[in-house]
Each structure stands twice: as C-alpha cells, then as structure tokens.
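Subject: Structure handover

Hello,

Please find the structure below, with its sequence. My notes on what turned up follow after it.

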Amino acid sequence: MACRGCGCGCGPGHLNEDNARFLLLAALIALYLLGGAAVFSALELAHERQAKQRWEERLANFSRRHNLSRDELRGFLRHYEEATEAGVRVDSTRPRWDFTGAFYFVGTVVSTIGFGMTTPATVGGKIFLIFYGLIGCASTILFFNLFLERLITVIAYIMKSCHQQQLRREGALPRESPKNPGICGAVGGLAGWKPSVYYVMLILCLASLLISCCASAMYTCIEGWSYFDSLYFCFVAFSTIGFGDLVSSQNAMYESQGLYRFANFAFILMGVCCIYSLFNVISILIKQSVNWILRKMDSGCCGQCQGGLPRARRNVIMPGNVSSETGGVTEGEAGRRRPSEEMISMKDFLTANKVSLAVLQKQLSESANGCRLQTGTQPRDSEFSGGVGAFAIMNNRLAETSGDR
C-alpha cells in the first residue's frame, strides 16, 4: 500500500484517501461476492441436481405411459413456458393487466423490487417502461431519503424526551434560560448530549423486525405459506431484492380481498422505508470500518511517517477535534472540510460512544434540539446542503465542487 501524502517516496501509487477507500471497498465487496457464491453453491447445488434428476425421471415415465416422443413432449412444455411468461398459470390467478394488477406492477417498478412475475410483452410497453422507470425510480429514491430525514427527526425527538425524563427523575434537568429560551445546547444536563447513532440503528432493526413479523403472520394465514417462507419473502421484498419465487396478492380471490391488498401495500411500503433507512445506517458503519482498515494499513506502510506531525485526513475526525457545538468538529476543522461526510477514529467508534458518526449525528443533534446548529462556517445559502445517507454524500460533493470554483 503506497503511503499517501507523506512525501517520503515509500510507494509509487500516492493514492488519495477517497480513491484508496473506493478501491478497498471494491476489493472487500469482490471477496464478499466470492464468499457468498461459495456458500450458496455448497448449499444449493446438490438440491438443484436432485430436482433435475427427479424431473428427468418423471418426464421419461410420462413419455412412456402416454406413448409420446420426448421431442413432442418438450415442444409442448416450451409452449407452456411461453404461456407462463404471459401470466398463464395452472391454478386460477388474478388478472395481470387490469387496473389493480397494473398498479401492483408499477409499484414494483418504482420501488425497484421487480418481482418479475409480470413483465410487459409489447414493444410499446417495454419502451414506456424505460422512461417510466427512469423517472419513477429516481423519485422513489428521493422519497426514501426524505423519509429517512423525517424518521431521524422523530427518533431524535423521542430519544430526547426519554433523556429528559431520566434527568427529571435524577433531579438534574437544567432550567431553560429566560433570556434565550430557544438557544440550542443549553448548559446543564442536556449540554453536549447527542442521540447515539447506534440507538438509531437498534430502533430501525426493531422496527423492521416488528413489521416483518406482523406481515409474516398475515401472509401465513392468507397465502398459506410457512412462517419462515413469509419472513423470507418479507426480507426479499423489503430490501427490494425481489426474486419473484414468492409473490403476495396473486390469487384470484381472497377473504376480505380489499382489506388484504391494502394491508399488503402498507406493509411493503413501511418495510421498504425501514429497511432502506437501516441500510443507510449500516453503510455508514461499513464506511467507518473501511476507514479504520485504511488507517491500519497506512500506519504500517512507512515507519518514518509516524514520527512527524499528524497528517491531515480529508474524511476523518481525529480524536480531540470533536465539538458538540459544531455538529462534530471544531471551528478550525470545519473551515477545512465539510462536517456532513467526515468520520471519527475507530478508537472512539468502539470505546466511548461519545462521538457519533457525522452524517447521521449532525442530523440527530439538530433534530433533538429543534433547530439547526450554527457552525459559523457552513454556507447558509448553499442549495446543496442538508440531507442524510447516500443523498447527502452526493449533495456534499456538489457543494464542495461548487465552493472550489
């Protein structure tokens, strides 16, 4: 690993921090894919071979019993596969392209679930899907990011209320200043207090689990699936993986059909929003772990780099540079980089839990105190400022680019 920015000439690459993080994450994802492929191959390959062998035996027995050639039988089965792609099933199913079926289809399109049980067959439908999905998917991603911001606000408010109740029980709740009743960061028991990102992740996990368990109970009763298959479907649908092996609300008739279809829509909508928010929080923790790996690799690449002054890190909040009044960094640090995408050291990450990750922590602090924190350095008229998650990363990049002009 080439030493970055030290000027010692200990390696040829001299990669900057962002490129190094990107390459390391790409390598880790590649290893993750290889490991996943090995596990799934070991688990599923034998079952696939057994199923194929059973099918060949049944095909041969049927061909002998009805005096049909294998070619004729396979030709008939190919016609059935074509009918299946058009939505024809042996058992009675709901129409695919009436208004309710089409509405279910466009919901799976814009949410990027894409179960695959319904697909356009005409050229016009396929062309329209391209443009419809382009706008619909982008709008839905924006909706998910805005939902995440509002969810963080609600969680921060609830956590602050719980913290205030605890302080009241302990008799340590500070009195509000009569001169400045609306100032954020009052001195006393709430001074410096910030909701923990880890609690946010725990709350999102519990919310996702609760929605999945309730939805699975409904699917088990109405669809006739096992409870485990229902949980499996919930994760596949809520995470927008959408294999299509299990799809809800596809039978022609249900008991209380209107109520079930509404509940199915509501569960999928809430589940997708919660899982998306959870993925954003987990991605921040993964980025922090990647940053920690880079620092470990960098610390061992060049011994003479350790003796000098600490080198500036573009996306790292170093220990001692954290200030609750500036949303995660001191005023001097904020003048050199935007706090919205910075990260802390793994030492603070693992031990103290006093310094939270900057992207969500800044939003949590502002939401908990009911106002925007005044940093004195962030541009007030920036059209790109604000936001959390992947949307915020892009916004902050645009803000940095526009600020350099």
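To begin with one side chain: Arg74 has a relative accessibility of 30% and therefore counts as partly exposed. Please keep in mind throughout that this is a predicted model.

Salt bridges

Arg74 makes a salt bridge with Glu56, with 3.5 Å between the closest N and O atoms. This pair joins distant parts of the chain, since Arg74 sits in helix α2 and Glu56 in helix α1, 18 residues apart. Glu56 also forms a salt bridge with Arg70, where the closest N and O atoms are 3.1 Å apart. Here too the partners come from distant parts of the chain: Glu56 from helix α1 and Arg70 from helix α2 (residues 70-85), 14 residues apart.

The structure holds two salt bridges, and Glu56, Arg70 and Arg74 are linked by them in a network. Glu56 is partly exposed because its relative accessibility is 29%. Arg70, with a relative accessible area of 31%, is likewise partly exposed.

Nonpolar surface patch

A nonpolar patch lies on the surface, with about 1100 Å² of accessible area together. Its members are Leu25, Ile29, Leu33, Phe228, Tyr232, Phe235, Ile241, Phe243, Phe279, Ile282 and Ile286. Two or more residues of the patch come from each of the helices α1 (17-65), α6 (227-238) and α7 (257-301).

Phe279, one of the patch residues, lies in helix α7. Phe279 has 40% relative accessibility, so this residue counts as partly exposed.

Regards

Note on methods:
Residues are numbered from 1 along each chain as its sequence is written. This is a predicted model: local features need pLDDT of at least 70, side-chain atom pairs count only at pLDDT 80 or more; totals for chains, interfaces and linings use all residues. Side-chain values use heavy atoms; hydrogens and water are left out. Patches are made of residues with over 30% relative accessible area and no salt bridge: like charges are joined within 9 Å, nonpolar side chains (Val, Leu, Ile, Met, Phe, Trp, Tyr) within 5 Å. Accessible areas come from the Shrake-Rupley method with a 1.4 Å probe; for residues, only the protein chains shown count as cover. A salt bridge is a side-chain nitrogen of Lys or Arg within 4 Å of a carboxyl oxygen of Asp or Glu. Helices (H or I, at least four residues) and strands (E, at least two) are DSSP runs, numbered from the N terminus. Buried means under 20% relative accessible area, exposed over 50%, partly exposed in between (1.4 Å probe, protein chains only).
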